[in-house]
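Here are my notes on the model you sent over.

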Amino acid sequence: MAAAAKARQSLQDEASCSICLEYFNDPVTIDCGHNFCRACITQCWEGSDKDISCPQCRATFPQRNLRPNWQLANVVEIAKQLHLQLTKDARAGRECEKHQEALKLFCQEDQSPICVVCDRSKEHRAHTVVPAEEAAQEYKGQIRSRLEMLKKEMEGIAALKLNGEITSEELLQQTESERKKILSEFEKLHMFLEEKELLLLAQLEVLDKEILKRQDEFTTRLTQEISRLGTLISEMEGKCRQPASEFLQDIRSTLSRYETGKFQSPPSLPLELKRRVKDFSQKHTFLEHALSKFKETLSSEPKLDKVILSGRQLDKANVTLDPDTAHPHLILSEDGKSVRWGPARQDVPDNFRRFDPVPCVLGCEGFTSGRHCWEVEVDGSSWAVGVARESVRRKGGVSLEPEEGIWAVGQLNPIQYVALTSPWTSLPPDRRPRKIRVALDYKGRQVAFFNAENNTEIFTFLAVAFAGRIFPFCWVADKSSQVRMCH
């Protein structure tokens with residue numbers, strides 16, 4: 001309101017003559033650019049035979065030169081009309097529009113202020129009329145009563161708000177404490193498991209060496225026995241080819257010398273080694289059972305990991321698609337931000353990094369740590385977006401599932417919108433956005449997908465078996481579909 005009043009005053013000043021201080025009447029412009037009423041400036045210059053001057057800036061001129069200013073005259077008319085309207089509006093709130101009398105009375109039936117003439121009229125003659133000041137005091141009392149109620153209500157709500165904030169702060173402190181405990185316990189668990197892993201692997205390595213040593217001894221003994229028996233067989237065959245007279249000489253000694261006992265085959269592996277291998281098998285079975293119980297315990301709160309992921313700070317990744325990995329039918333834009341299915345197979349080098357025959361493409365940059373996110377616009381009925389291992393199979397048939405090193409969601413046909421789990425998980429139609437945010441938490445072993453337009457969750461892969469570098473992944477399978485990386 002203050003700004004509007006200041007603007008109206010500025011307009012009134014600009015539309016007023018600096019000589020008479022009234023609105024311009026037939027405004028003219030003199031050589032210095034200032035404006036005056038024609039009559040005012042003419043009267044000001046009367047009786048002056050020398051150079052004339054501007055009454056406002058004192059600039060002098062050799063001759064009188066008055067130029068009509070029609071545009072300023074129009075502005076003056078607008079200012080006058082605005083002033084009249086404002087005056088009328090101000091008076092309307094204090095005077096009766098019908099009788100132009102002060103509104104000193106109040107009609108209780110019509111709930112409106114009236115003047116003394118209205119009170120005598122047929123319209124209000126039978127109504128209860130009281131002085132306006134008296135009515136104002138009565139209604140002010142009612143408003144003050146309601147005002148007190150509203151203030152008390154606001155104070156109550158403010159107290160609730162404060163209590164809620166205090167409770168939230170206390171809960172946040174508790175969750176922070178629990179977070180630290182979980183991190184500490186899992187750190188201890190990681191260290192314990194790593195120690196046990198190294199110990200068991202070292203024991204297995206010792207066992208491997210012992211098995212190989214025993215195998216070498218076993219093989220050497222059998223080789224020596226084979227060689228001895230071969231020599232003996234050759235001698236016996238030679239003896240049998242001698243003439244009878246020579247063959248029969250000293251035959252008893254010969255038979256005694258060639259008589260051998262049955263070879264006792266040594267066991268390929270001692271029983272002790274077999275027992276030790278069996279012990280490791282039992283340990284592995286125990287570990288599998290313990291891990292299964294551990295997963296079952298953690299799965300009792302399935303939303304915990306998703307809440308943690310949504311609250312973490314994610315680095316915005318600028319994803320560009322890698323043409324050296326794109327299937328020959330896929331066409332990438334010049335900036336590498338979008339991919340679509342082309343009508344013909346392109347003549348591109350058949351390198352080991354290129355997908356063929358499955359129509360996939362990876363991003364240029366991979367991730368080995370950290371938390372990252374990027375947004376993807378999708379269109380059509382045959383597409384999938386997500387992440388994939390660098391070691392994912394590129395040639396031959398590739399299954400779009402975690403076992404292959406691919407974690408994604410997609411539209412496989414006009415009616416199948418799924419998370420590419422094994423087996424696939426169908427997603428409801430209301431989770432089918434046109435803009436998807438992919439959130440990768442490498443250390444937390446999670447890949448989450450959100451509707452980028454309203455931040456609602458689409459699907460989350462938990463306990464993901466990451467290994468090596470992880471790349472953004474796209475699959476586009478028909479000409480109606482397209483995937484575009486947002487900047």
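1. Let me start with F449, which is buried at a relative accessible area of 0% (buried being under 20%, exposed over 50% and partly exposed in between, with a 1.4 Å probe and protein chains only). Before going on, the ground rules: this is a predicted model, where local features need pLDDT of at least 70, side-chain atom pairs count only at pLDDT 80 or more, and totals for chains, interfaces and linings use all residues. Residues are numbered from 1 along each chain as its sequence is written, and side-chain values use heavy atoms, with hydrogens and water left out.

2. The strand around F449 is worth a look. Six of the six residues of β21 are buried, so this strand is largely enclosed by the rest of the structure. Q446, A448 and F450 point one way, while V447, F449 and N451 point the other way. (Strands here are DSSP E runs of at least two residues, helices are H or I runs of at least four, and both are numbered from the N terminus.)

3. Now the partners of β21. Strand β20 (residues 435–441) joins β21 through six antiparallel bridges, and R437 has F450 as its bridge partner. With β22 there are four bridges, again antiparallel, and F450 stands opposite E457. (Two strands pair if DSSP finds at least two bridges between them.)

4. In the hairpin of β21 and β22, with five residues between the strands, N455 has a positive phi near 65°.

5. How many aromatic pairs does the structure hold? There are seven, counting Phe, Tyr and Trp rings (the six-membered one for Trp) with centres within 6.5 Å; planes under 30 degrees apart are stacked, over 60 edge-to-face, and the rest tilted. The W407 and F466 rings have centres 5.6 Å apart and planes at 80°, so this pair is edge-to-face. W407 sits in strand β17 (residues 406–413) and F466 in the loop between β22 (457–461) and β23 (470–476), so the pair ties together parts 59 residues apart in sequence. W407 is buried at 3% relative accessibility, and F466 is buried at 14%. For F449 and F461, the ring centres are 6.2 Å apart and the planes at 75°, so that pair is edge-to-face as well. Y442 forms one aromatic cluster with W407 and F466.

6. R389 is buried yet has no salt bridge, and the nearest side chain of opposite charge, E404, is 7.6 Å away. (A salt bridge needs a Lys or Arg side-chain nitrogen within 4 Å of an Asp or Glu carboxyl oxygen; Lys and Arg count as positive, Asp and Glu as negative, and His and the chain ends are not counted.) Leaving out residues up to four places away in sequence, R389 touches several residues, including W407 and F466 (contact is heavy atoms within 4.5 Å).

7. Last, the open sheet of three strands, ordered β7-β6-β8 with antiparallel pairing. β7 (112–114) and β8 (129–131) stand at the edges with a single partner strand each, so one side of each is left without a neighbour in the sheet.
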